Amino acid sequence: MKSNRERYLVFALYAAVVFHIVATVVTYSLPDDSKGLLALGKAYTSDIFFQKWNFFAPSPGVITDKIWIQCHHQEDRWIDPADEILKHSYYSPLPSGYRRTYAIRELSTRVHKSLKAITSEICNQQAKPSEEFTYANQGHNVDLTADEMTICKEAFERIKKTKAYIDLVKVSREICDERFAAPSISNPSIILSQKHPFPLSAVADGRLPEKAYYKMSVVDFEKGEGSCQN
Amino acid sequence: MPELIASFFKKDQRNVAAIVFYATIILIFCQKASFLADRHFLYETMNDLITSDSSFTQAFTFLFAMTKNEAIRTFLLAGELLLLIRCLLRTPDLVSYASLLIFSNLTYRGSYYLQDGGSNLSHIIQLYGMFFVVGASGFFKSEKAREHAFRCMLVLVRFQIIFLYAEAVFSKSQGILWRSGDALFYILQNDYFSNPLAKQIIMAYPWLSKIGTYPVFVFQFLFPLLVWSKKLRRPILVAGIAFHLGIALAMNLWLFSASMIIFYLSFLTPEEAEDFKIKVSGWMARLSPKWKKIEG
């Protein structure tokens with residue numbers, strides 16, 4: 001190297017590399033409530049180098065969070081916007097609008113989580129394991145259980161103020177606007193549902209019905225009623 | 001000393017770094033161009049998803065808040081696409097690449113709901129690309145110093161892949177479904193992450209789940225160890241490509257798989273990178289007679 005300046009700069013490059021590697025490895029394993037210097041390191045990795053590939057481990061996301069929308073242009077028809085896109089993936093690896101399904105999944109999952117938290121806080125409800133699903137739980141992951149709880153009116157009012165719900169309404173409205181090539185006059189009605197996986201034990205026992213067996217939890221925001229399952 | 005590490009310190013890494021850099025830029029361009037159709041869905045900032053009280057987030061809150069305005073979002077997306085094209089046509093300088101990173105960061109944060117693991121990964125590798133730009137832009141006068149910058153980029157890209165696999169193995173080893181070999185059976189029942197055909201197959205033959213789940217463990221555990229070996233590097237990379245093509249086909253995670261396969265290019269030796277460059281130039285020359293002029 002020709003000059004000391006370049007030597008120092010090269011040293012700074014390597015120092016940055018070492019810092020990044022150490023910071024990533026150390027802070028990635030830290031709890032979220034770390035304090036002081038560790039919190040600064042955590043902020044560096046989580047803000048700038050946010051890592052988002054842990055959806056499948058340790059507990060894979062096996063529940064399909066879904067929404068059904070009733071656009072006010074067509075009063076009687078409920079549509080599943082994600083399913084309409086996903087069913088094309090049978091023939092085409094990347095169907096048009098595939099990424100929208102990510103938005104629908106992310107938002108409906110968040111609203112479900114908030115509903116469960118708010119229901120247990122406001123409605124004073126303890127989740128009860130669903131009998132139908134207890135056998136699925138034997139020898140398997142708790143993710144497969146379906147804890148049921150009834151959502152009270154106050155919880156509906158609270159959930160409608162959350163960012164996740166507001167965003168979900170916004171996405172639903174955009175779907176309706178695009179579908180009918182005209183802006184909606186009012187917000188669409190939304191039903192939130194969850195599709196649980198068919199338990200392996202039932203498949204092994206030969207209990208797989210011709211039509212796939214699914215447990216759905218339904219939350220109708222318009223009517224303000226429903227049951228929530230995690 | 002393993003071949004890859006030995007050649008890393010002895011030979012010119014410019015071509016290897018350049019291949020990874022430009023492949024990443026093309027990948028991000030395709031990804032962001034596909035956002036144009038979904039630009040109405042780009043409205044979310046990820047402020048509330050990350051450490052809410054972090055100083056970094058607070059310092060840039062006003063920038064993130066800008067992405068909520070649709071006109072600004074469209075401007076940012078168009079600006080990013082133009083800067084990406086500029087990167088492909090001529091060697092980027094520090095200022096234009098830093099501008100690209102700012103634009104990319106804002107559109108990335110503003111489109112959180114449309115992202116998957118692949119976008120996340122390519123976004124991180126794009127940040128590492130700054131080391132390539134430092135080496136290629138004339139920031140350093142001496143060739144030796146430039147070479148160090150290319151090495152820095154490659155160290156980070158390789159670290160990222162190995163860290164991802166190591167973390168995945170660690171996390172999976174904690175999960176009951178992974179340990180029992182039933183993870184694939186359940187994952188493929190999630191509508192969002194399964195090809196309908198793959199779902200039908202796994203429901204008809206659930207024992208395939210064990211055949212699919214355990215090799216994932218083994219592969220992810222072995223990759224960080226074997227990729228440095230002279231004899232086993234190519235087989236493990238081919239296994240990795242097959243593994244990621246399998247993920248793309250069965251789970252529709254095309255961008256993640258494409259990203260991983262592209263980042264595998266960082267494990268090429270300088271000789272392989274040279275061959276790769278010659279082949280790509282040959283293909284481009286056949287596609288367009290003008291390419292030779294550009295290349296020249």
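Between chain B and chain A the count is 1 salt bridge, a salt bridge being a side-chain nitrogen of Lys or Arg within 4 Å of a carboxyl oxygen of Asp or Glu. The structure is a predicted model, in which local features need pLDDT of at least 70 and side-chain atom pairs count only at pLDDT 80 or more, whereas totals for chains, interfaces and linings use all residues. Residues are numbered from 1 along each chain as its sequence is written, chains are lettered from A and ligands numbered from 1 in the order in which they are written, and side-chain values use heavy atoms, with hydrogens and water left out.

The salt bridge between the chains joins B:D191 to A:K66, with the closest N and O atoms 3.4 Å apart. The contact involves 81 residues of chain B and 73 residues of chain A, contact meaning heavy atoms within 4.5 Å. About 7100 Å² is buried between chain B and chain A, 64% of it on carbon and sulfur atoms; buried area is the accessible area (1.4 Å probe) that two parts lose on being put together, summed over both.

Over all chains, the whole structure holds 16 salt bridges. A:K66 also forms a salt bridge with A:D80, where the closest N and O atoms are 2.8 Å apart. A:K66 belongs to strand β1 of chain A and A:D80 to the loop between β1 (64-70) and α3 (81-86) of chain A, so the pair ties together parts that are 14 residues apart in sequence. Helices (H or I, at least four residues) and strands (E, at least two) are DSSP runs, numbered from the N terminus.

Within chain B, helix α2 (residues 14-35) and helix α7 (residues 117-136) have axes that come within 9 Å and cross at roughly 135°. Axes are lines fitted to C-alpha atoms, for helices over the stretch in contact, and angles run from 0 to 180 degrees between N-to-C directions. This makes α2(B) oblique to α7(B) (angles under 35 degrees count as roughly parallel, over 145 as roughly antiparallel, 65 to 115 as roughly perpendicular and the rest as oblique). The residues of this contact of α2(B) with α7(B) comprise 10 nonpolar, 6 polar and 1 charged. Here Ala, Val, Leu, Ile, Met, Phe, Trp, Tyr, Cys and Pro count as nonpolar, Asp, Glu, Lys and Arg as charged, and the others, Gly among them, as polar.

The axes of α2(B) and helix α5 (residues 70-89) of chain B come within 10 Å and cross at roughly 155°, which means that α2(B) is roughly antiparallel to α5(B). Residues in the contact include B:Y22, B:I25 and B:F29 of α2(B) and B:L77, B:L81 and B:L84 of α5(B). The contact of α2(B) with α5(B) divides into 13 nonpolar, no polar and 2 charged residues.

Helix α6 (residues 94-110) of chain B packs with α7(B) at an angle of about 170°, their axes being 10 Å apart. α6(B) and α7(B) are therefore roughly antiparallel to each other. Among the residues in contact are B:Y97 and B:L101 of α6(B) and B:H123 and B:M130 of α7(B).
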